[in-house]
Amino acid sequence: MSKEFRLSNEDDGLFLRDSFVIVFFCKKPFKDLADNYARVFEHWLEATPEQGRKWASVGSNSAEYKPLTPQRLAAARKELDPAKSNTRRLSSFEIGGPQQLNPDFYFACWGFRDPDGDKASFLEIRLPRPPATASEVAAALTLAKQVGAILPFSSGYASPALTWGVEGQQMAFAEEVGKLAFRHPGYDVPESKSSCFRIGNKLRGTYWLNFIGPAALKKLGGEKGLRGELDASIGIEKVGDGLMLQAGPKPEVGDVNRKANLPLLRSLAKVLEPVTLFDDNSLDNNFIEDGDCERWKRRHLE
């Protein structure tokens, strides 16, 4: 695994870091998802150390992170009440720590009452950094599968990632991330809060773990058709109502300067191309140069 990346300055704080993200998108009304989200949240609370639960932003109108008190934790749980979710256009909260911004541990969810058009609710978990040891890899894989088994997902993924925290950090992030993201194509550059408006039943990209929901799987010819197209080294496993595709025994970020071009991800990207989201601008603000975002989204296909 690559070295740790941490970039900060006096004005923006920790505006870029490496993390490990687990993201799921669900194309259902939130009243049909809230109980599932609540099960995942309670599991996350039990599995996350106390220092990873220090700050919270609760509710769609919240604009800042405040200390996580018992009252704010109760308010977060109310966001996952199926009955109350029908009274809100959007149910949402974020919890993390120990840092206030761009923290080591992070849980976020958005649930749309009416996911019309290409909207899809999302749930995102971040771990402090990409897993490196056998035990860390096993723990990350287990967590991703457990979440996937609980959620009726339309798509999902788990990957090393380069992340920023709040909107005020995004410009500093965009000025630096391209150099790392193009050199190490195994990193995701996530922005689930934007992607969820456009993702529909498609996939956000190709990653170490890829969760294919029923609609996308049907477009790929079903499990039988998909198995016939996959490289023999790609693992395939039933998880929940869909499939999980695993590109290798552990996540890799690659290094194009050393000709480590991640051939498994490249072969998988070709198979998943018909159901991958390319024609959107949800990630444009994560890159500073015109055209970089489109080039990055197709990095495994060029």
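Glu252 comes out as partly exposed, because its relative accessibility is 36% (buried is under 20% relative accessible area, exposed over 50%, partly exposed in between, with a 1.4 Å probe and protein chains only). The model is predicted, so local features need pLDDT of at least 70 and side-chain atom pairs count only at pLDDT 80 or more, while totals for chains, interfaces and linings use all residues. Residues are numbered from 1 along each chain as its sequence is written, and side-chain values use heavy atoms, with hydrogens and water left out.

Glu252 sits in the loop between strand S11 (242–247) and helix H9 (263–272); helices (H or I, at least four residues) and strands (E, at least two) are DSSP runs, numbered from the N terminus. Neighbours within four places in sequence aside, Glu252 is in contact with Gly186 and Leu262, contact being heavy atoms within 4.5 Å. From Glu252 to Leu16 is 236 residues in sequence and 19 Å in space, C-alpha to C-alpha.

Leu7 belongs to strand S1 (residues 6–9) and, at 29% relative accessibility, is partly exposed too. Not counting residues up to four places away in sequence, Leu7 touches Gly13, Leu14, Phe15, Leu16 and Glu176.

Helix H5 (residues 170–183) runs for 14 residues and reaches 20 Å from first C-alpha to last, close to the expected 20 Å, the expected span being 1.5 Å times one less than the number of residues. Even so, H5 has a kink of about 45° centred on Val177; the bend at a residue is the angle between axes fitted to the seven residues ending there and the seven starting there. Val177 is also one of the buried residues of H5, along with Phe173, Gly178 and Leu180, among others. The buried residues of H5 pack against S1, strand S2 (13–26), strand S8 (155–163) and helix H10 (292–297). Helix H1 (residues 34–47) likewise has 14 residues and reaches 20 Å, and its buried residues include Tyr37, Phe41 and Trp44.

As for charges, the whole structure holds 24 salt bridges (a side-chain nitrogen of Lys or Arg within 4 Å of a carboxyl oxygen of Asp or Glu). One of them pairs Glu223 with Lys238 at 2.8 Å, N to O. Glu223 lies in helix H8 (residues 222–229) and Lys238 in strand S10 (residues 234–239), so this pair ties together parts 15 residues apart in sequence. Lys238 is exposed, at 62% relative accessibility. Lys31 and Asp32 also meet in a salt bridge, at 3.2 Å, N to O. Finally, Glu4, Arg6, Asp18 and Arg129 are linked in a salt-bridge network.
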